[in-house]
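Please give a short tour of this structure for someone who has not seen it before.

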Amino acid sequence: MSETKSTVPGGQSPVAAIDLGATSGRVMLGELVDGKVVLTQVHRFANGAVTLSSFEATTAPDALAWDLDELWTQIRHGLALAFAQRPDIASIGVDSWAVDYALLRAGERLGQVRHYRDPRNERAVAELEKTYSRGELFARNGLQFLPFNTIYQLEAERSDTRLAQADTLLLVPDYINWLLTGVKGAERTNASTTGLLNVHTGTWDVQLAKQLGVEHILPQLLEPGVSVGTLLPELAAQLGAASNVAVIAVASHDTASAVVAAPLASEHAAYVSCGTWGLVGVELPAAVLTQEARAAGFTNEMGLDSTVRLLKNVTGTWLLSESIRYWNLHAAAGDTVSLEELLPVVEALEAPNVLIDPAQERFMAPGDIPERIVAAVLEAGGSRPTSREQILRIILDSLASSFAVEAFAAGAQGGFQPETIHMVGGGSQSTLLCQLTADRSGVPVVAGPVECTALGNVLVQLRALSGESWSLADMRTVVRDSVAMEHYVPRGVRAMAAGN
């Protein structure tokens, strides 16, 4: 770890970060105090997929959506609490999961924001690929093929009437920014996840947008760090906020914000932003558009300050949380379990001799994940797991193996071998997952910060408000000064060192 101390001054007004994840959201306060960022959670709330039929009549009983109206209610409640605590909040920033969008007409949302796990997306892949092959799409947008990318969602959307009615398309954080300010825009890091941003020009791909019928409804691109606008006067009054509170476009894809706060001290470091998804990659100065990178499933997404996040989307803690949810859903009264209760037994188990591939499509949809894992183990020639703890151990070892393999594969695309893997996000709290990742990669794992997405959100706001040209390195020095991190040495390396 670098011993360099932050040269970033403290003493600024606090900022509020709205951080929306696939399973929960939060409103956080952040401020610089003596060169360190202090985060305070003000409000946390649940999030998750709901059936579209909960909102409207539909002929697709398996259709999924997000309850954006409930999220907006929770966001306003959190902001009101934040302003009650700190009336001097200077700005607000919003980050969220990627790819999903709201359609507007004349200032009104058309229906619900559909969920990226909606089965309609799978059915749309073949239709779009009649015009653009996966290879052609990668050459245009540099993205890993994922059936839930926005372009496939829009292909599915073409069979509905609301796309033809819409006059604006806003990704989720841009939609929240619009609710806050009345100003429409598309922050670049999140726009780069849609498949509609041309990787060569950094502008909207007009030809592809025309094919999907959205060329006239895409808003102006915004750079992270610019001011979107100020709070709408009526909303500011409701929240108890001053009339001049700015809303700043942060690196609004939650992974982009997380990587801002990943305390990479070396160009030869990899990161795993581990939550529901595991985003495994490296930070590079330019996109990698080789056939090798495409075949390996890598994606090129924009980061802060024109960096490129070369990464792969792999399954994260979704398998753990969905297994627990499934067991509890089918548990007898009084027989519910939590991951924390099961982990001591899980840690004591021996490593499984058969792993699963967490990225298999069979694990994408909600439901009977434990039964699907058992089936995958048996297909691979393993013995049937006989307990919940054994299933969880298979998940954790499989995730660690996936993280290790993909971290080194990403490094190879950048021309180096990772010297360190930085585990950030909620998954960094799992000592077993971090240790297993170190063991299976053979390099040290540095765990933390946990609230990396909110921290990256806050840092971009603070830099914008300061008017100073803090570099990414400066911001990461602040992170290392601000957050206590855990270090995990590969147990094979530790054993060799002890033997010497």
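How many of the five residues of strand E7 (residues 101-105) are buried? Four of the five are buried, so E7 is largely enclosed by the rest of the structure. This is a predicted model.

**Strand E7 and its partners**

E7 pairs with strand E10 (residues 168-171). The sense is antiparallel, over four bridges. In this pairing, Leu-104 stands opposite Thr-168 of E10.

E7 also pairs with strand E8 (residues 108-109). Here too the sense is antiparallel, over two bridges. Leu-104 stands opposite Arg-109 in E8. Together, E7 and E8 form a hairpin with two residues between them. Ala-106 sits in the turn and has a positive phi of about 50°.

**Cavities**

Rolling a probe the size of a water molecule over the atoms shows where empty space is left. The count for this model comes to two cavities of 30 Å³ or more. The table sets them side by side.

| Cavity | Space | Nonpolar lining residues | Polar lining residues | Charged lining residues |
|---|---|---|---|---|
| Largest cavity | about 40 Å³ | five nonpolar | two polar | three charged |
| Second largest cavity | about 30 Å³ | four nonpolar | two polar | one charged |

Which residues line the largest cavity? They are Ala-256, Val-259, Val-260, Glu-283, Gly-303, Leu-304, Thr-307, Arg-309, Leu-472 and Arg-476. Two elements give two or more residues to this lining: helix H10 (254-260) and helix H18 (472-482). The largest share, three residues, comes from H10.

The second largest cavity has its own lining. Asp-174, Asn-177, Val-183 and Gly-185 are among the residues there. Leu-222, Val-228 and Ala-249 also line the second largest cavity.

**Gly-297**

Now turn to a loop. Gly-297 lies between helix H11 (291-295) and strand E17 (299-302). Is Gly-297 buried or exposed? The relative accessible area of Gly-297 is 16%. Buried means under 20%, so Gly-297 counts as buried.

What is Gly-297 in contact with, leaving aside its neighbours within four places in sequence? The contacts are Gln-144, Leu-311 and Lys-312. Phe-145 is 152 residues from Gly-297 along the chain. Even so, the C-alpha atoms of Gly-297 and Phe-145 are separated by 6.9 Å.

Technical notes. Residues are numbered from 1 along each chain as its sequence is written. This is a predicted model: local features need pLDDT of at least 70, side-chain atom pairs count only at pLDDT 80 or more; totals for chains, interfaces and linings use all residues. Side-chain values use heavy atoms; hydrogens and water are left out. On a 1 Å grid over the protein atoms alone, a cavity is a set of points where a 1.4 Å probe fits but cannot get out, and a pocket is an open set with protein on both sides within 12 Å along at least five of seven lines; lining residues have an atom within 4 Å of a point. Grid points are joined across faces, edges and corners, and a volume is the space filled by probe spheres set on the points. Ala, Val, Leu, Ile, Met, Phe, Trp, Tyr, Cys and Pro count as nonpolar, Asp, Glu, Lys and Arg as charged, and the others, Gly among them, as polar. Buried means under 20% relative accessible area, exposed over 50%, partly exposed in between (1.4 Å probe, protein chains only). Contact means heavy atoms within 4.5 Å. Two strands pair if DSSP finds at least two bridges between them.
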